[in-house]
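I opened the model to look up its salt bridges. My notes follow.

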Amino acid sequence: MTRRKIIGAALFVTLFGTAAIMPPLLFVAGGNMDLLGIPVAMVYVFTIWILMIVGAVVLARYLPHDEPTPPTRQDHPS
Amino acid sequence: MTLTADLVIATAVAYVGLLFLIAYVGDRHTRNRTGGFLRSPFVYTLSISVYCTSWTFYGAVGSAARTGLEFATIYLGPTLVFVGWWFILRRLVRISHDQRITSIADLVSSRFGKSSRLAVLITILAVIVISPYIALQLKAVTSSIEAIAGASEFGRGSLEGWDDTGLAFGVAACMAMFTILFGTRNVDAKEQHHGVVAAIAFEAVVKLAALVTVGVFVVYISGGADAIFANAAAAGIEVHSTYTAADRWISSTLLAAGAIICLPRQFQVTVVENSDENHLRTACWLFPTYMVAMSLFILPIALYGLTAMPTGSNPDMFTLTLPLAAGNDGLALFAFIGGFSSATSMIILESIALSIMVSNHIVVPIMLRMTAGDGIGDGLGVRRLILNARRFSIILILFLGFSYFYLTRGSDALAPIGLISFTGVVQFLPAVLAGLFWRDATAKAATVAIFVGFLVWLWSSFMPSFSSSSATVAAIMADGPFGIGWLRPQSLFGLEGLDPLAHAAFWSLFLNTTILIVGSLITNQSALEHVQAALFLNVFRKQAGEANPIRSTATADDLFLVARRVLGHQRAVNLFSEEAKQTRMPWTNLEPSTAFIRQLERELAGSIGAASAHVMLSKVVSGDTVSLEEVMQMADETQQAIEYSQELERTSAELRATAEKLEVANRELRRVDMQKDEFLSQVSHEVRTPMTAIRAFTEILMSHRNLATDARERFVGTIHKESLRLTSLLDEILDLSTLERGERVWENYAIDAEESLDQALGVCDALARQNNTTVKSGTRVGKAIILADPYRLSQVMINLVSNAIKYNEAPHPEVEIHSRIRGRNYVVEVQDNGLGIPEEEKPHIFDKFYRGRSGDATPYAGAGLGLPISREIILRMNGKLELVSGAEGACFRITLPLSDEQEVSQSG
């Protein structure tokens, strides 16, 4: 993937994550249902949360490194 | 093990001692080596986890017990910011590295033209806004000690006689002392506190471990997570409708997302203490993971607490009281240490971050103002003053926190207090984002926007929290000030039906953002703002060099004095020796370059903030900034005018160029048209003469049938002659036009030009004899190889020689031919001894149909196309045919370039 597409993917993960944890998408997982005895709502929120983290792990590896790293703060002898 | 109040206090003190040890070792570690483990992304991430305070440790459980899943929004917001680290955090970190930013106030002030006013405003607001948050920690620590003391069979121990307030005051005082000892041992030139960060990272591990242990314990004793939910449902607790109102959910997510950027301590650990931009790559997933781990057991603990604990117990303390109730004192102590960790880490870092802001943006500028005369003041160094200012600020901050605690002691929940602080601190967010992404945001607009946002917060979020302790506030809440209904704090401008949190967040941020945008549109930036805005916006572009804020007329001595006062002797000496080494000049003669002053300003900014460093250096090099500002101002205003007029000029230049081209083309067309007309009329004229003759004679032949035979033959001969003439004329016209248009395929061969010349002379021999003309061959080259068409070349030569013979009126006509090599050219001259060509005819001699004055008189009147054709032919051979002036009679010269072969044979 090109550099721009990776950045685009990062934006997508962020924005989609935002949409997913907000109403109205949040209400999709409402109701009185349980999953293994745990309310679906809680399972939903934590699943989205973990998916975002997985996305961040993957993206952190591929987001471009090419910009010059600024000098660290120990760059002057003291 | 029996848990007593004395024991927990002793443990807390011992724990603080351990933190001290860690900080000390951490400082030693970074000082001796390059940092090593303490500079790893993991320690960085753990220090960011200072976000999880006792609000998380205790308050989140209480919040989950009251409103269910909503507690998660406080961690989902920051997760979004970290997952999207590429867009905001990365910029913030890069800018702060570049500009040596020391705090959130410094960041905003630096972006808006190093505005001191803005820095002061943000500092003061931050101190006020954070006080509820500090109070929250005090309250949590006090409640946790009380909870243990209350549960202990040994009574209150040494706490006998201390009430909540006293205890909280004691905690606040201890914390102040602790933080002063911790964070103000020295002024770190770069505002990085490795020891503190190490201690904070350690605390992050402790609190996570404690909360997870309690969570696992709760799940274990209740028989599994599903059992907890089943029991809660059986006990009549609604476990499913865990979503609160959408407005609350959205606002608290948004507030948390903003707070992770704007909270002074978060800015400190995430941005200022960042030693490597790439650490964000780890933190972007590790910190959210940390928060998931923290949040995982919150709801089970809350629900189990609600079912297992007697009604009326404080849900905020479930994390501590559940192990206590289960008789597991060891776990309870661990839980207490976890909560204590989360509170102390927050208080330490928050007050360090705030004290840096207070000293850099309020104390140092005041000092600078008071010592206006000699620039820097004398006596003690700035460093000592800064340290004292910070110590004082820490005390002030904790005192304010305690005051808030005291005034609102009637309310019991922790989380709402935290959200009050979040709403306040998020008022900086629009200015920060505008600084990062919008070039035209102005300092004036940002100042007013933040101030108005703060006022709305004060009215609709901060003040209502006093309603339980103040009757006046309660009255205002109910009826509005002086009975003005639309000013009621929780339904401003008649906006009813929104949750108070969403209401305050909406109005404050809405007005804040609107004022920022509209204000920026109608006000102008100062020169420095302009420069800083560009620097902030283009932080990822490789720049040729930023505009220099201060010109260098200051002497090295002055600058050194400033540097020593702020940075300390050793660092200043290092800085200046480095510069001296680089410029290869003795220190005493050091002329500070602009780059050096810029570096110095950044170094100073690292200690005292951008605005103060700018003011300080400006004083040393007084006058310069003013002129610079003026220049920049002018540049600023003229820039737009220039851009506009350049645009216009470019367009009109294009138009002009097009018009000129059109005109040239038009002129050319008209010229060609005229030439064509002229040519046509000339041709018609030329054709008409022989045609007239032919017509006349044929008419005679037709009407006089009895003409004598010899007359008839003479007439027919004339008709024939005229027809021939007509034909040759038409041939010539055709020839010329094809030559001129360059249509005919033309091939040049390497030939000997002398041969063509001899051939021409041979052809003209008869003509010469007929005219009694002597043709003399003058100096001749033996051989001249040129590139030409042999037939055409002879044609030209014949034309020239025959012209010379035909139009020679001398009594003893002579024609002389010369040829020679001149440079790389072969030159032939045909010279006659006639009258020559009159001066006025010379320019026209090569015109079409032009016949010299003599031309008409002689019997050989031609069409006047010979010379134009000849000239055209020679041109096609890359040569030149010209009339040589000055000689007696007429002299035509042909110049033709020699071919390479000739040159070889010449040189050989």
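I started with Glu754(B), which forms a salt bridge with Arg780(B), the closest N and O atoms being 2.7 Å apart. A salt bridge here is a side-chain nitrogen of Lys or Arg within 4 Å of a carboxyl oxygen of Asp or Glu. Glu754(B) lies in helix α30 (residues 753-770) of chain B and Arg780(B) in the loop between β2 (774-777) and β3 (785-788), so the pair ties together parts 26 residues apart in sequence. Helices (H or I, at least four residues) and strands (E, at least two) are DSSP runs, numbered from the N terminus.

This is a predicted model: local features need pLDDT of at least 70, side-chain atom pairs count only at pLDDT 80 or more, and totals for chains, interfaces and linings use all residues. Residues are numbered from 1 along each chain as its sequence is written, chains are lettered from A and ligands numbered from 1 in the order written, and side-chain values use heavy atoms, without hydrogens and water.

I checked burial next (buried: under 20% relative accessible area; exposed: over 50%; partly exposed: in between; 1.4 Å probe, protein chains only). Glu754(B) is buried at 3%. Arg780(B) is partly exposed at 26%.

Then I turned to Arg248(B). Glu70(B) forms a salt bridge with Arg248(B), with closest N and O atoms 3.0 Å apart. The two sit 178 residues apart. Asp499(B) also bridges to Arg248(B), at 2.9 Å. That pair spans 251 residues, from a loop to helix α11. Asp499(B) and Arg248(B) are both buried.

Last, I found Arg820(B), Glu829(B), Glu882(B) and Arg893(B) linked in a salt-bridge network. The count over all chains is 18 salt bridges.
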